Protein chains: 2
Amino acid sequence: MFVCNNLEILTEKAKSVKFIDHLIGKKPLFILTISNTKVAEMPGITVAGAEPELVKYTPTADAELLQYGECKSISGVPATPDGKPTPALITATALRLARIPYLIVDAGAEIKPRAPYVALGAEGAAENIVLKDAAPLHVVERVFENAESLGRNIAKTSDYLILGESIPGGTTTALAVLCALGIDARGKVSSSMPRNPHHIKTSVANEAMKRLNVKIGDLADDPFKAAASLGDLMMVAVAGITLGSLGSIPVLLAGGTQMVAVLGLIRNLAGRSLKRIAICTTKYVAEDKSADLKWLVSQTAKVPLITTDPGLTDSKKKGLKAYGEGFVKEGVGAGGSIAAAMLKSKFSITKPKILHEIEKNYETLVEKKQRITD
Amino acid sequence: MFVCNNLEILTEKAKSVKFIDHLIGKKPLFILTISNTKVAEMPGITVAGAEPELVKYTPTADAELLQYGECKSISGVPATPDGKPTPALITATALRLARIPYLIVDAGAEIKPRAPYVALGAEGAAENIVLKDAAPLHVVERVFENAESLGRNIAKTSDYLILGESIPGGTTTALAVLCALGIDARGKVSSSMPRNPHHIKTSVANEAMKRLNVKIGDLADDPFKAAASLGDLMMVAVAGITLGSLGSIPVLLAGGTQMVAVLGLIRNLAGRSLKRIAICTTKYVAEDKSADLKWLVSQTAKVPLITTDPGLTDSKKKGLKAYGEGFVKEGVGAGGSIAAAMLKSKFSITKPKILHEIEKNYETLVEKKQRITD
């Protein structure tokens with residue numbers, strides 16, 4: 001049995017218990033999909049970068065942190081302007097602790113990582129959806145085809161997949177796509193800030209839909225068009241990997257709002273009820289009072305919503321404690337990677353153990369670097 | 001025991017039996033590394049392309065054939081000017097039959113495949129070593145670092161690796177690197193033609209060494225320099241993946257002469273005796289009277305040399321039968337993939353079964369296409 005105070009089930013309880021039970025002791029593969037959208041350049045949309053100019057480096061630096069335990073394209077680690085560090089710190093720690101293998105997938109990162117990554121035929125960043133389509137339809141279809149083929153093939157190496165993402169501004173494209181698919185997510189998507197800038201996100205989504213003359217639900221029958229015109233390439237890649245692998249192994253979509261948009265695309269592409277798929281995220285996102293993840297998931301598909309507690313509220317480190325105070329909250333599949341580390345180790349990797357390792361990495365990657373810079 | 005007429009051991013018999021025995025029923029991962037060298041543009045060096053202009057597409061098309069069961073960047077499949085098809089046909093068939101997962105790694109393919117591939121920070125094709133260094137040292141070091149990190153990580157997904165390559169002109173760069181490392185391979189490297197153009201290959205290697213004022217063995221202490229000045233990026237990537245993964249799982253270098261050059265680099269980089277590594281190739285290469293693979297391997301390292309018989313001499317198809325008559329012989333890890341298919345299936349996938357499937361694919365991909373073109 002999976003009884004453990006670090007995994008909580010918010011939807012589909014019976015299904016979820018079975019789902020989780022099935023993963024204990026199994027061998028997962030973690031896939032981080034990195035991408036950029038120019039929506040992130042709009043003021044006030046995201047704090048995923050210490051300075052506006054650094055935001056576009058965040059997915060790349062997250063990938064490098066995962067692969068090499070340090071960033072190569074920027075000094076230090078990605079952080080908010082006031083120094084809260086990237087969730088990649090959590091993910092890298094959890095994966096390393098549990099010896100979980102990973103792949104980095106590029107679905108349109110503006111700067112390519114100085115690390116091995118799987119190319120899917122995406123080029124640079126997706127466009128700002130207010131001004132034009134995110135990407136041409138043929139690029140979306142190519143990325144999806146490659147992602148699906150990768151998923152089908154790579155599923156043979158593992159018992160299940162955990163799919164995380166890094167794309168600054170991604171909750172806004174998620175909002176627009178959810179709306180186009182028929183889920184009015186306005187005012188319900190999460191944010192990496194305690195003061196959720198719903199008015200900016202909603203106005204971006206509204207303007208983009210107006211540009212296309214699309215109303216809530218208008219693109220429910222055309223998920224590729226929804227992603228191409230209003231979304232980003234991360235969601236296309238993750239949807240493709242999921243649909244490719246779901247035939248043979250279970251998939252954990254590791255994230256909040258953005259993974260609900262991916263789930264929406266998957267549901268509409270598959271055209272059937274979804275099995276062996278769950279959303280797994282941190283409790284910080286699920287408990288975010290400025291958003292409603294549980295409602296979003298329940299509107300999208302009958303799948304388990306599982307949350308983990310990274311235990312950062314107990315941290316002595318200010319930058320980590322902030323996660324429990326509404327900052328950052330999730331990203332880079334942090335929640336899913338903690339769940340996977342606990343599951344793979346049959347819960348011998350505990351919340352305090354993970355926190356201890358995260359703090360050690362924080363000391364090396366954030367505090368020491370700060371001292372050098374000061 | 002592994003008793004099977006399709007696996008023959010040519011060196012290190014006791015070690016080899018143990019090595020093979022250990023792999024039966026285990027789960028491998030196949031990695032195809034694709035690359036180009038401008039050496040292939042020199043007349044008479046290679047027949048890996050129906051026309052000279054198509055040679056550079058061969059690695060890309062091989063990768064696509066593996067991933068999608070058909071090529072996307074060229075029509076039909078890569079072939080010699082007289083229509084002998086690429087060994088990717090064999091590899092794709094064996095991997096599919098045995099449900100073996102694979103990854104495509106790009107180590108400087110001139111044309112990037114329309115398929116998912118792992119980028120290692122290599123750019124385009126390596127230079128012609130007669131005229132200049134194959135690649136800058138910093139590129140070689142970057143590709144190696146990324147490859148080693150990929151190997152270390154991906155080894156966690158599998159019980160062993162099978163590493164194949166596709167790089168037209170690669171036996172000539174292999175020759176030059178072996179010479180620089182101290183193994184005088186002149187007149188001993190294999191060829192995809194029955195009339196082995198040793199004089200051209202030797203003259204390229206000699207001229208390249210003269211350019212650098214390097215004599216046999218002069219770069220034995222500097223394998224990176226040997227690869228950067230006289231080699232190609234395929235060998236750097238495969239050496240890196242091997243050294244990254246060898247700490248935790250066994251590795252089959254799937255190929256002939258070119259894998260001996262990789263083995264030479266690995267030996268000199270590791271600076272210790274090598275365990276859990278073997279060379280596995282088709283009997284067509286091992287029995288090539290115009291070359292001496294057994295001698296090359298024994299001069300390089302005390303590792304098993306294992307050969308498989310793809311059984312193509314029994315084929316009714318002219319293009320396949322030609323493999324047994326000295327054409328093509330090997331490539332794209334064909335020999336290793338057949339061995340792996342047999343081992344994974346505990347020999348329930350037999351030589352006739354593989355041949356039957358290869359012939360079916362030949363009918364679809366070569367004969368039908370020809371009829372359409374005719």
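Helices are DSSP runs of H or I with at least four residues, numbered from the N terminus. In this predicted model, helix α2 of chain B is one such run, covering residues 58–68.

**Helix α2 of chain B**

How many residues of α2(B) are buried? The helix is mostly covered, with 11 of its 11 residues buried. Those buried residues include charged B:D62 and B:E64, and B:P59, B:L65, B:L66 and B:Y68 are also among them.

**Chain A as a whole**

Chain A holds 14 helices and eight strands. Its C-alpha trace spans about 50 × 50 × 40 Å along the principal axes. Of the 374 residues in chain A, 64% are buried.

**Helices α4 and α8 in chain A**

Two packed helices are described by the angle between their axes and the distance between the axes. For α4(A) and α8(A), the axes come within 6 Å and cross at roughly 35 degrees. Is that crossing left-handed or right-handed? The crossing of α4(A) and α8(A) is right-handed. On the α4(A) side, the residues taking part include A:V139, A:V140, A:V143, A:F144 and A:A147. On the α8(A) side, they include A:L233, A:V236, A:A237, A:I241 and A:L243. Sorted by class, this contact has 12 nonpolar, four polar and two charged residues.

One of the charged residues in that contact is A:R152, which sits in helix α4 of chain A. A:R152 counts as partly exposed because its relative accessibility is 46%, a value between the 20% and 50% cut-offs. Leaving out residues up to four places away in sequence, A:R152 touches A:G244 and A:S245. The C-alpha atoms of A:R152 and A:S245 are 4.6 Å apart in space, although the two residues are 93 residues apart in sequence.

**Helices α4 and α8 in chain B**

In chain B, α4(B) covers residues 137–154 and α8(B) covers residues 233–245; these helices pack at an angle of about 35 degrees with their axes 6 Å apart. The crossing of α4(B) and α8(B) is right-handed. Among the residues that make the contact are B:V143, B:F144 and B:L150 of α4(B), together with B:V236, B:I241 and B:L243 of α8(B). The class count for this contact of α4(B) with α8(B) is 12 nonpolar, four polar and two charged.

Chain B has an edge-to-face pair of B:F144 and B:F224, 4.9 Å centre to centre and 70 degrees between the planes. Here B:F144 lies in α4(B) and B:F224 in α7(B), 80 residues apart.

Helix α7(B) is mostly covered, since six of its eight residues are buried, with under 20% relative accessible area. These are B:P223, B:A226, B:A227, B:A228, B:S229 and B:L230. What do the buried residues of α7(B) pack against? Their partners are α4, α5, α6, α8 and α9 of chain B.

**Burial of selected residues**

| Residue | Relative accessibility | Class |
|---|---|---|
| A:C179 | 0% | buried |
| B:C280 | 1% | buried |
| A:F144 | 9% | buried |
| B:F144 | 10% | buried |
| A:H198 | 17% | buried |

Why does A:H198 count as buried? Its relative accessibility is 17%, so A:H198 falls under the 20% cut-off. A:H198 is found in helix α6(A), residues 198–212. Apart from neighbours within four places in sequence, A:H198 is in contact with A:G187, A:K188, A:V189 and A:S290.

Finally, a word on the cysteines. A disulfide is a covalent bond between the sulfur atoms of two cysteines. Over all chains, the count of disulfides comes to zero.

Terms used:
Residues are numbered from 1 along each chain as its sequence is written. Chains are lettered from A and ligands numbered from 1 in the order in which they are written. This is a predicted model: local features need pLDDT of at least 70, side-chain atom pairs count only at pLDDT 80 or more; totals for chains, interfaces and linings use all residues. Side-chain values use heavy atoms; hydrogens and water are left out. Axes are lines fitted to C-alpha atoms, for helices over the stretch in contact, and angles run from 0 to 180 degrees between N-to-C directions. Helices (H or I, at least four residues) and strands (E, at least two) are DSSP runs, numbered from the N terminus. A crossing is left-handed if the near helix is turned anticlockwise from the far one by less than a right angle, and right-handed if clockwise. Contact means heavy atoms within 4.5 Å. A disulfide is a pair of cysteine sulfur atoms within 2.5 Å. Buried means under 20% relative accessible area, exposed over 50%, partly exposed in between (1.4 Å probe, protein chains only). Rings of Phe, Tyr and Trp (its six-membered ring) pair if their centres lie within 6.5 Å; planes under 30 degrees apart count as stacked, over 60 as edge-to-face and the rest as tilted.
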